[in-house]
Amino acid sequence: MSSTKAKAAPASTVAPPAANTSKRDYLIDLENAAQKRWAQEKMFETDSPYSDGTLPIPGEDFTAAAARAREERPKWMGTFPYPYMNGSLHLGHAFTISKIEFAAGFERMRGKRVLWPVGFHCTGMPIKSAADKIIREMELFGPEFDQEPAPVEEPVEAAAPVAAVVASSSDPSKGKKGKLAAKSTGLTYQYQIMESIGVPRSEIKKFADPQYWLTYFPPIAQNDITALGGRVDWRRSFLTTPANPYYDSFVRWQMNKLRALGYIKFGKRYTIFSPKDGQPCMDHDRQSGEGVGPQEYTGLKMQITEFGPKAAHIKEKAAGKKVVMVAATLRPETMYGQTNCFVGPSVKYGLYASSSTLGSKEEVLYLVTRRAARNMAYQGLLAKEDVIPEAVYEFTGADLIGSRVNAPNGVHPEVYVLPMETVSATKGTAVVTCVPSDSPDDYITSLDLKKKAEYYGIDPSWVALEPVPVLSTPSYGDLTAKTLVEKFRIQSPKDVKQLAEAKELAYKEGFYQGTMVIGPFKGSKVEDAKTKVREDMIARDLAFAYSEPENLVMSRSADECIVALCDQWYLDYGEPTWLKKAELLLSRMNTYNQETRNGFERTLGWLRQWACARSYGLGSKLPWDPQFLVESLSDSTIYMAYYTISHLLHGPPIDGSVVGPLGITAEQMTDEMWEYVYANGALPADSPIPVEKLNHLKAEFSYFYPMDIRSSGKDLIPNHLSFCIYVHAALFSEENWPLSMRANGHLMLNGEKMSKSTGNSLTLRDSLDKFGADATRVTLADAGDSIEDANFEETTANAAILRLKTLLEWCEDISKNQGQLRSGPADQIWDDIFSNEINEAIELTEEAYDKSLYKEALKVGFYQLLAARDAYREATSSEGGMHVDLVLRFIRVQALLLTPIAPHVAEHMWSTILGEKSSIQTAQFPKVSAPLNRIVLDTAVYLRSTLKEIRDAEAGFLKKKAKGKTSGGYDPTKPKGVNLFVAKGFPEWQEQAVAMVKEAFNFETKAIDEAKLREILAAKGLAKDKKFNPFIATFKKRLAQFGPEIAFNRGVLYDEKEVLDIAMPVIKRNLDIHNIEVIPAPEANPETPGYSAQIVESAEPGKPGIVFYNTAE
């Protein structure tokens, strides 16, 4: 037997770590030391004032008591979706975690009691499905996955979740991959996937037990988040499913209450369903197709009345039974205008025995694709329900050409079957009605068939019927398709792009603006008639309801899902009174940006019934119908409230096996107990728990709830986050509704989508090992804060390592050599500038943190502050050096501003370098030492911009010289000097222009009256002036950017000449030019070296005119 080798991981596109890792390793050592200290000091274990003895536990009016407690002792609670425990956390998890992590750090610095808990989700199919795969693979390859498998042939329907047909090789790792497997991981078997995420092969057999997953992965996730520096209160952690009996009891209460309120109902409904798994396939159970729902069609019954010239064999196989072609349409109101029926010539069709009770009053043979038949079988439309159907006979569409069929509701009672090359076998039934009056596709195909009847092998008489007007629209009349085909100059069915555009216009205009011109609903608006026509056709046995998935949905067990009509327990999302409460909650909730709010509003607009139970997987049993389990998106809507009291009920450990400090058992937590704690329910006389203990739980919940923020990926807006809104609105009083929800985009890696199959992927642990915690955190902060996709750049992470290590080295050197720094009065202009820039960094960083803009906080609180320090160091290098007090203040402020994002480095700066006794995790956000002096800050900006302009101008001259061009006699390679011409005022024409804008500006609305401004310009003959108009356009931008107070006050509040003269030593040293003179513009004359009247006149306050000239040798 050949030896078995684990399959090699996909080639990685992720850059390897640098060869010299000493800087990274140094930072990691600091991180480990800081985390050890925080753990020893139980830094992140957060209690309410009632639990730490600060306040007595109230006996009544808990809401009012909690409000008073929060006024004196403010709190903050943040959560993110608990991760699913079928593997390690990846960098995408870390990105979402970082949003709460950074906020938690900032809110601690505001003096709040910060609660940041994390639980672990195990409900649903994925763990059970993967465990079952392990069992199958052990049967194939042995418990160590090293045996040659016996030959097996598995039908496609029974394929393992990520396995395809077993290869003949004795090495199971070389089995052929199915498309799904290749797409998802690049690996074929579950045991290979386990190895790829670090599970030793010898341990994989243990994962055949689903419960083992629940003990293996949560500790890894906890360790990884802790290693990231997470400020998590791990006492409050828990597992879902009955593995934790306390949480199981909590889920039973919420499901019972939702049912009692009438929000959980039972009945038949169309549901995305996996025949292989034998149960509904909800979003979290899907390999692909998340968010896809059922699409309901009208199935037209088009009985074949005369078989075509090639269809004799079909008639023979039908054996005397009626054959009914089923056409699936989304536009039943247009069926009056049928002129033909289309099939795909190469599409495979089959005959399937119909039901005689649903959709048909007698057993006939339905003619559809196998894919459609799968859906129909699970909707009760075929003779054998809820099984994968077998066809009586199969053939291609080409055999049907020339057959005659009934046209339900058609003006023409019978029509011919014709070929249509663009018929899709994966949409509807692949039987298509032809309505050339309103479908551009049908119209152009009919024309093509008429022109090329011989080419298509059809009798011209089969396509002789003319379009029948069905509806009329204001834009396109009563032959919409013809009008649009001519408008877009569509020549053939191959003009796909134009046809798609025409189709969209036709359908939209027809539905919203159309009026019926035929049939019993003539004169009705199409949007009103559509449903009535459909109901009438179904009532007259001309059609039936048929559904299928809107798009392809693949389950995690590699099954193509269908739509089934199931008897189901479902949450009645969209129920009018419930929807109103959900909309009210959303209206009060901060979503941080309009795109997120729009996403919620769209979801509430379409979200309706949601199956809340399943029969396969892990989860709590449905209390009143224990044959079912609560599905994974229905047991995770309000668990954030559970965090507030979980540490008092149980553990650690997270499975609730240890009774918590209040001595309450899981059995004692009946529905009445949960109701009392969370919903002000009445306390029963026979309560199994003393009221004092229940009041403690209730006080704890009332203090910490509502959660201040829920952070998640944007992909959860259409499901989990919207469900969270609904169920909070149903079960909790308004004062406990979530205060905010933010959604972030997906995280890319190095500008590309993360994918295991391409190797462009990092787990959180990978990143921690490769870059350390703080460099990872800095890069996550730098990745972005909007709902758009963000990007984790490894170059940024490596740069962060260097920047952080360099900062620490500098701080340590400064601390050891304080005596060499300048002391005494800090009265230089550079001292004043640096002091103000430190204060400005404090204000801007606090504002950025407050708005959850972490990329901006990193920019102003780290990058720009470091640049200010560098500028201060450079400016003072020949002026006595930096001032010791300012430098030590910089180190203190820099540590504090970094604390939310890079707490380990900040801790080292604070505790080791500055010698503070308490942890920086207990420090307050820094305060400014004095109000900002805008004049000083403007002075700094002015000096730097002037220096840059001189440098840029010199570079421009050198570039010209290199290209052989001259610069008016000036040679930048020869000895040179620079004159800076400073102006006291603006040109008179500019002042006039500003005055005109000000005259047209409305200071109440903060807007320009454009019409008035045009009148003013016209009155002065300046309406098309080439000098005034460009200047006014630029000034408008300044007005929009800075507001009227700053924009209309155009002067500078400092003396330019004085500032430049003071800074001249620094300017000369930076430019290495020793001949630089500052000249007031009014004093300039033609005798001045390098004089240029144009440049002198162009000088403005804050923007000196710059002239280079050559000096004598």
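Leaving aside neighbours within four places in sequence, Ser360 is in contact with Lys301, Ser354, Ser355, Tyr366 and Asp541. The model examined here is predicted. Ser360 belongs to the loop between strand S9 (348–353) and strand S10 (365–368). With a relative accessible area of 5%, Ser360 is buried, because buried means under 20%.

## Pairing around strand S6

Strand S6 (residues 294–306) pairs with strand S17 (residues 543–549) through 7 bridges, and the two run antiparallel. Within this pairing, Tyr297 has Tyr546 of S17 as its bridge partner. Strand S7 (residues 323–329) is also joined to S6, here by 6 bridges and again in the antiparallel sense. The bridge partner of Gly299 in S7 is Ala328.

A further antiparallel pairing links S6 to strand S12 (residues 404–406) over 2 bridges. In this case Ile304 stands opposite Val405 of S12.

## The four-stranded antiparallel sheet

An open sheet is built from 4 strands in the order S4-S3-S19-S20, with antiparallel pairing. Its edges are strand S4 (279–280) and strand S20 (610–611), each of which pairs on one side only.

Tyr570 has Ala611 in S20 as its bridge partner.

Another open sheet contains 3 strands in the order S31-S28-S32, and its pairing is mixed. Strand S31 (1076–1080) and strand S32 (1105–1110) are the edge strands, each pairing on one side only. From one strand to the next, the twist averages 25°. Strand S28 (residues 976–982) runs parallel to S31, and 5 bridges join the two. Within S31, Val1078 is the residue opposite Leu980.

Helices also meet this sheet. Helix H30 (residues 934–962) lies across S28 and S32 and runs at about 40° to S32. Helix H35 (residues 1056–1071) packs on the sheet and touches S28 and S31.

## Packing of helices H25 and H29

Two packed helices are described by the angle between their axes and the distance between the axes. For helix H25 (residues 794–816) and helix H29 (residues 903–913), the axes come within 11 Å and cross at roughly 10°. H25 and H29 are therefore roughly parallel to each other, since the class covers angles under 35 degrees.

From H25, the residues in contact are Leu804, Leu807, Leu808, Cys811, Glu812 and Ser815, which meet Val905, His908, Met909 and Ile913 in H29. By class, this contact of H25 with H29 comprises 7 nonpolar, 2 polar and 1 charged residues.

## Salt bridges

A search of the whole structure finds 61 salt bridges. One of them joins the side chains of Arg201 and Glu195, with an N to O distance of 2.9 Å. Arg201 is buried at a relative accessible area of 17%, whereas Glu195 is partly exposed at 21%. The two residues therefore fall on either side of the 20% limit that defines burial.

Arg331 forms a salt bridge with Glu333, in which the closest N and O atoms are 3.6 Å apart. Arg331 counts as buried at 9% relative accessibility, and Glu333 counts as buried at 1%. Elsewhere, salt bridges that share partners join Glu45, Asp47, Asp233, Arg235, Arg236 and Glu700 into one network. Two members of this network, Asp233 and Arg235, meet through their side chains in a salt bridge of 2.8 Å, N to O. Both Asp233 and Arg235 are buried.

Note on methods: Residues numbered from 1 in each chain as written. Predicted model: local features only at pLDDT ≥ 70, side-chain atom pairs only at ≥ 80, totals over all residues. Heavy atoms only, no water. Axes fitted to C-alpha atoms, helices over the stretch in contact; angles between N-to-C directions. Parallel < 35°, antiparallel > 145°, perpendicular 65-115°, else oblique. Contact = heavy atoms within 4.5 Å. Nonpolar A, V, L, I, M, F, W, Y, C, P; charged D, E, K, R; others polar. Buried < 20%, exposed > 50% of the residue type's maximum accessible area, 1.4 Å probe, protein only. Pairing = 2+ DSSP bridges. Salt bridge = Lys/Arg side-chain N within 4 Å of Asp/Glu carboxyl O.
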